[in-house]
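Q: Could you take me through the pockets of this structure, and then show me what surrounds the ligand?

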Amino acid sequence: MKVALIGVGQAGGKVTERLARFDADMGFDAVQGALAVNSAEPDLQSLEFVDTQLIGADRVNGHGVGGDNELGAEIMQSDAQQVLSGLDGRITSKSEAIFVVAGLGGGTGSGGAPVLVHELQRVYDVPVYALGVLPGRNEGALYQANAGRSLKTLAREADATLLIDNDAWHEQGESVEGAFETINGKIAQRVGLLFASGEAVEGVGESVVDSSEVINTLRSGGIATLGYASEVASDDSAQNVRTVMTVARQALLTGTSLPDATTADSALLVIAGEPDTIPRKGVEKARRWLEDETESMQVRGGDFPLDSDRLGALVLLGGAERSSRIEEFMERAREAKRAAEGERTDPAEELTDDRLENLF
Ligand code: GDP
């Protein structure tokens, strides 16, 4: 899938840079253009691999917005035209999707990403998705509250929001801050593989996954999640059948970007590896298992031929907002806003009800 990436804020810029670098190092050529936008100049200066654009200089003079995501939204609103012009040549007729990348708990990305998604939707026909980083449980109340409002607004504006929980992809015992490098590396590898699936030219055949399958899986809208796991492939095909089942299970149950999100409207299972080692029987069995587990009638599947001695499973879920994790998070965000009254409701409804205000 040919994509254009726009990182907003510190986390957005760092993750965008890692993604662009991974794609280039692997020679996938799925990332067509990457731009990092921020109101904090020092954060932009630390990026080497992507072009950068400072916004809000007239308001905050390159110093950032602190944790004020309303200011982040205002600045993006004022400078949206400038950002859209900066995207000229980066979003081309080949682009199949645009991803706006941001940490949802801060200020510039939290407030700016939903505004930018809204503006991009007005200009481009391709889907505009958000790749959002949710603050971990131990991050402060301001992060939780900011992320709640940002997520709610993104759910309204973006074609889908792929969520990465900062608690999901790092080792136990590691602090979230210390783990940023690890997490960003995993996001780059996993989301990078998702972008690249459908780009494979060798071994094109009926079973090879196509970018339209990624887009169709995300058509459910709402919240999307991504899981990944891999194991060394074997010379024995019966063993590879078992391995495919194992990695598919692990990708959904323990390797996911949003722990405990297993119910979804749609799903895509991509098995990556050397074409000779990918067992049809195993892939079919894993796909049926995924159907049962997600309770979805729309489970797509496909191979991603890759020069590797491993077999990997990528599981993309679309329409995964009815999960306990989202419920728990929205509750955390509301508590942080001291608005935690009333009984629990359906988390999908919480994304549209009025207890957390939209950012705009
Ligand atoms: P902004 O620059 O104002 O948009 O704020 P940040 O991007 O620093 O957003 C803060 C949120 O993003 C917090 O929840 C942080 O935990 C998270 N965050 C900041 N940097 C990183 C990073 O490099 N990787 C990840 N995964 N999360 C980050």
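**Pockets and ligand**

A: Let's start with what lines the largest pocket: by class, 13 nonpolar, 14 polar and four charged residues. Here Ala, Val, Leu, Ile, Met, Phe, Trp, Tyr, Cys and Pro count as nonpolar, Asp, Glu, Lys and Arg as charged, and the others, Gly among them, as polar. This is a predicted model, in which local features need pLDDT of at least 70 and side-chain atom pairs pLDDT 80 or more, while totals for chains, interfaces and linings use all residues. Residues are numbered from 1 along each chain as its sequence is written, and side-chain values use heavy atoms, leaving out hydrogens and water.

A pocket is an open set of points on a 1 Å grid over the protein atoms alone, where a 1.4 Å probe fits, with protein on both sides within 12 Å along at least five of seven lines; lining residues have an atom within 4 Å of a point. Of its 31 lining residues, Gln-10, Ala-11, Gly-103, Gly-106 and Tyr-143 lie nearest the centre. Two or more lining residues come from each of α1 (9-26), α5 (108-123), β5 (128-134) and α7 (176-196), with helices (H or I, at least four residues) and strands (E, at least two) taken as DSSP runs.

The second largest pocket has a volume of about 150 Å³. Domain 1 (3-196) and domain 2 (225-318) both contribute to its lining, so this pocket lies between them; the domain bounds come from an automatic or database assignment.

In polar contacts (N or O atoms within 3.5 Å), a ligand oxygen is 2.7 Å from a polar backbone atom of Ala-11, and a ligand nitrogen is 2.9 Å from a side-chain N or O atom of Asn-166.

Terms used:
Grid points are joined across faces, edges and corners, and a volume is the space filled by probe spheres set on the points. A polar contact is a pair of N or O atoms within 3.5 Å; within protein, one must be able to donate a hydrogen and the other to accept it, and residues adjacent in sequence count only if both atoms are side-chain atoms.
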